[in-house]
Amino acid sequence: MPSPSESKHCQAPNCSELAKLQCPTCLKLGMEGSFFCSQDCFQKSWTIHKKIHKAAIEGQSHDPFEKSFRYTGPLRAVYPLSSRRKVPSHIPRPDYAETGIPVSEHKSRANPIKVLNEKEIEAMRVVCKIAREVLNIGAAAIRPGITTDEIDRIVHEATVERNAYPSPLNYYHFPKSCCTSVNEVICHGIPDQYVLKEGDIINLDISCYYNGFHGDVNETYLVGEVDAQAKKLVQTARECLQMAIAFVKPGAKYRDIGKVIQPHAASNGFSVVRTICGHGINQLFHCAPNVPHYANNKAIGVLRPGHVFTIEPMVNEGTWKDKLWPDNWTAVTADGKRSAQFEHTLLVTETGVEILT
């Protein structure tokens with residue numbers, strides 16, 4: 001019986017000679033076939049043939065940035081990303097859902113901080129309740145062995161089951177329905193094929209759009225048993241948010257919120273991210289005010305009843321500085337050390353604050 005190679009014919013165009021040579025890249029990738037009768041035929045076919053390699057690589061788990069990017073820590077992107085998840089046509093969606101561009105936000109950039117009326121406040125209560133429900137469902141799935149993409153699927157399905165739209169989906173072309181930020185990722189981690197392992201920490205950031213309004217909430221979770229430093233980091237980030245919320249009341253200045261957060265983080269040996277901040281939220285996903293989480297910032301504005309905004313301090317083990325992955329979304333610590341974050345959407349009331357999420 002002839003060997004397999006002896007019964008193969010050359011795959012080069014316009015050649016049908018018997019072939020014994022195999023493409024070494026195909027062999028490395030575990031691909032069958034790809035026989036050629038000579039080096040000459042192989043070289044003539046290379047322009048077309050190499051596309052097979054690209055398709056095979058993109059279909060396997062791989063790191064698309066491996067050769068072009070210097071990571072700051074041990075975490076790596078694990079592609080391919082799953083296809084964009086569908087939202088049923090009956091669910092209302094924000095203006096960027098198809099184009100990726102939030103035109104309404106662009107038009108509002110010079111607007112003052114919005115004061116919501118009672119009807120708008122009630123709509124915010126409803127959507128923020130949905131966001132909290134979805135976060136709890138997503139969090140319940142966190143465990144060693146699950147991929148962040150699977151968490152995204154669970155979050156997406158829980159969102160649309162409530163007739164809501166997942167606000168991150170296609171916002172400035174973000175490809176997923178939530179953010180999953182693992183270990184050294186500060187925020188905006190894209191759910192992919194990464195498998196959570198014992199000792200990881202993960203922030204799950206949920207935003208929902210319902211009846212014309214957005215709600216936004218996130219928390220950081222421990223994956224299985226983690227080390228004492230990770231527990232301290234996560235607890236400190238939680239305390240930073242709690243202390244900042246206690247500061248919220250009419251007449252307080254937005255720039256002073258960071259004066260509450262940064263000293264507490266520093267007293268525990270941690271730093272606070274400066275390049276990403278909290279934000280106003282209502283019919284727009286992101287709008288005035290900006291809410292920095294570090295001291296001595298230049299944020300403008302005074303808290304008034306009817307203001308709705310997020311506080312979401314990002315607390316790092318090491319430096320406060322960040323670096324962006326080539327996906328233009330994933331923000332990581334510049335030194336590769338871990339980061340933790342907690343977020344609530346808040347309403348300023350006549351006497352203080354209401355936590356909407």
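## A buried asparagine and its surroundings

In this predicted model, N203 counts as buried because its relative accessibility is 3%, and buried means under 20%. N203 belongs to strand β6, which covers residues 201-210, and a polar atom of the N203 side chain lies 3.2 Å from the backbone oxygen of E219. Leaving aside neighbours within four places in sequence, N203 is in contact with C179, T180, S181, N218, E219, T220 and Q341.

The largest nonpolar core has 59 residues, and M124, L196 and I206 have the most contacts inside it. At least two residues of this core come from each of α4 (118-140), α5 (148-161), β4 (179-182), β6 and β7 (213-222), with α4 giving the largest share, ten residues. Not counting residues up to four places away in sequence, M124 touches L116, F213, H214, I281, N282, V308, T345 and L356. Apart from this core lies another, of 28 residues, including V226, A252, Y254 and V272.

The protein as a whole has seven helices and 17 strands, and among contacts between residues at least 6 apart in sequence, 67% join residues at least 24 apart. The following table gives further values for the whole protein.

| Property | Value |
|---|---|
| Box filled by the C-alpha atoms, along the principal axes | roughly 90 × 45 × 35 Å |
| Residues that count as buried | 54% of 357 residues |
| Accessible surface | about 16800 Å², 53% of it from carbon and sulfur atoms |
| Distance between mean positions of the 40 positive and 38 negative charges | 5 Å |

Technical notes
Residues numbered from 1 in each chain as written. Predicted model: local features only at pLDDT ≥ 70, side-chain atom pairs only at ≥ 80, totals over all residues. Heavy atoms only, no water. Helix = DSSP H or I, 4+ residues; strand = E, 2+ residues; numbered from the N terminus. Buried < 20%, exposed > 50% of the residue type's maximum accessible area, 1.4 Å probe, protein only. Polar contact = N/O pair within 3.5 Å; in protein donor to acceptor, adjacent residues only side chain to side chain. Contact = heavy atoms within 4.5 Å. Core = buried A, V, L, I, M, F, W, Y, C linked by side-chain atoms within 4.5 Å. Areas by Shrake-Rupley, 256 points an atom, 1.4 Å probe, with all protein chains shown as cover. Lys, Arg positive; Asp, Glu negative; His and termini not counted. Charge placed at Lys NZ, Arg CZ, Asp CG, Glu CD.
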